[in-house]
Amino acid sequence: RMSLLRSASQHLRRRRDYSSASASPERKVAILGAAGGIGQPLALLMKLNPLVSSLSLYDIAATPGVAADVSHINTRALVKGFVGDDQLGEALEGADLVIIPAGVPRKPGMTRDDLFKINAGIVKGLCTAIARHCPNALVNMISNPVNSTVPIAAEVFKKAGTYDEKKLFGVTTLDVVRAKTFYAGKANVPVTGVNVPVVGGHAGITILPLFSQATPASNALSHEDLLALTKRTQDGGTEVVEAKAGKGSATLSMAYAGAVFGDACLKGLNGVPDIVECSFVQSTVTELPFFASKVRLGKSGVEEVMGLGELSALEKEGLESLKGELLSSIEKGVKFAQES
Ligand code: NAD
Ligand code: LMR
């Protein structure tokens, strides 16, 4: 009985240590593209995160206003705004985590790959500065097309001699957020306890939700239900792009997803055990050099890229049919970074 009590109180103490702001180390987070549709609500959510001690908001315009506004919130993080190329170095100096939502969003009728022309160059420039000013930071890439921007970042870091595959992440959390929401709705279970891994990449059919591994399991779903859930998850971004009708793509749900993933990265850095999220990372899980799957996060970033587990026949088929498109998006990014 005594030992039970003791272990319960140790457990509570451990939990308190991890969650109390005063016990958590200093952590600087930089957001690049902080004045944008994602950047602003993401800045707000990171300002509310007690693990953040310093929040650096960078954009090519309008960050002084965003920073002044967010800085008045009475939470731990000290907020500073940086604007323009001249201030990018200072924005990045000492960062533990850099989150990148910089770049143009889709309009109806566009694919994510249509953004490559503009966003590839933006990401390349920002990653060149990261290699120079905070080469050890974790990088969370939100800018699309993620299937290409992550390989671009890897190549830029390789060229600079700073590449650490454990520190580069394509943010696919929004796919998981959507899969959880849609699954809970169809299976009629409370969404708060739902988990669904989503693997592959972050565009169309490269987004592969694994509903066969969803928890809590549901036997109420027909084959047609699973097909519809898969399609809705794959087309979730387009659903928002069309609803916004020319005013951009997902920003609020993306800011939420980015904040969830950023928080997981910080917890990993701080040594909190058992932090697992899906992310698009360098991988040997399939023959593709980058692939999204469950990843265990730790003190130096990726601690373990986890396998896919058992797949249903539908998912096996989805996996095979996504490989061609995903590989060509990866190769397009690598080629751009090597040649430009
Ligand atoms: P937005 O146009 O509202 O904001 C983008 C911001 O980036 C702007 O403030 C702009 O000034 C800034 N910017 C442009 N060039 C920059 C540079 N060189 N340095 C710093 N900042 C720069 O767009 P948004 O809706 O916030 O979307 C941003 C990106 O995120 C898009 O590429 C979009 O496709 C992508 N996105 C990804 C996901 C995902 O799941 N990974 C989800 C939603 C959106
Ligand atoms: C999303 O999934 O919402 C983003 O990738 C934005 C988009 O273009 O769909």
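The largest share of the shell around ligand 2 comes from helix α9 (residues 236–244), which supplies four residues; helices (H or I, at least four residues) and strands (E, at least two) are DSSP runs, numbered from the N terminus. The model is predicted: local features need pLDDT of at least 70, side-chain atom pairs count only at pLDDT 80 or more, and totals for chains, interfaces and linings use all residues. Residues are numbered from 1 along each chain as its sequence is written, while chains are lettered from A and ligands numbered from 1 in the order in which they are written.

The residues around ligand 2 are P105, R106, R112, N144, L174, G236, G237, V240, V241, S249 and A250, a residue being near a molecule if its C-beta atom, placed from the backbone, lies within 6 Å of it. By class, this shell has five nonpolar, four polar and two charged residues. Here Ala, Val, Leu, Ile, Met, Phe, Trp, Tyr, Cys and Pro count as nonpolar, Asp, Glu, Lys and Arg as charged, and the others, Gly among them, as polar.

Ligand 1 is surrounded by 33 residues, of which G33, G36, G37, A102 and N144 are the closest. Helix α5 (residues 116–133) gives the most to this shell, with four residues. The shell around ligand 1 has 18 nonpolar, 13 polar and two charged residues.

T111 lies in the loop between β4 (97–100) and α5. With 13 other C-beta atoms within 10 Å, T111 is partly exposed; a residue is buried if 20 or more other C-beta atoms, placed from the backbone, lie within 10 Å of its own, exposed if 12 or fewer, and partly exposed in between. The C-alpha atoms of T111 and T238 are separated by 8.6 Å, although these residues are 127 residues apart along the chain.

The axes of helix α2 (residues 39–47) and helix α10 (residues 252–269) come within 8 Å and cross at roughly 35°. Axes are lines fitted to C-alpha atoms, for helices over the stretch in contact, and angles run from 0 to 180 degrees between N-to-C directions. In this packing, P41, L42, L45 and M46 of α2 meet L252, A255, Y256, G258, A259 and G262 of α10, contact requiring C-beta atoms, placed from the backbone, within 7 Å. The contact of α2 with α10 has eight nonpolar, two polar and no charged residues.

Overall, the secondary structure of the protein comes to eleven helices and eleven strands. Of its 340 residues, 47% count as buried.

Methods:
Contact = placed C-beta atoms within 7 Å.
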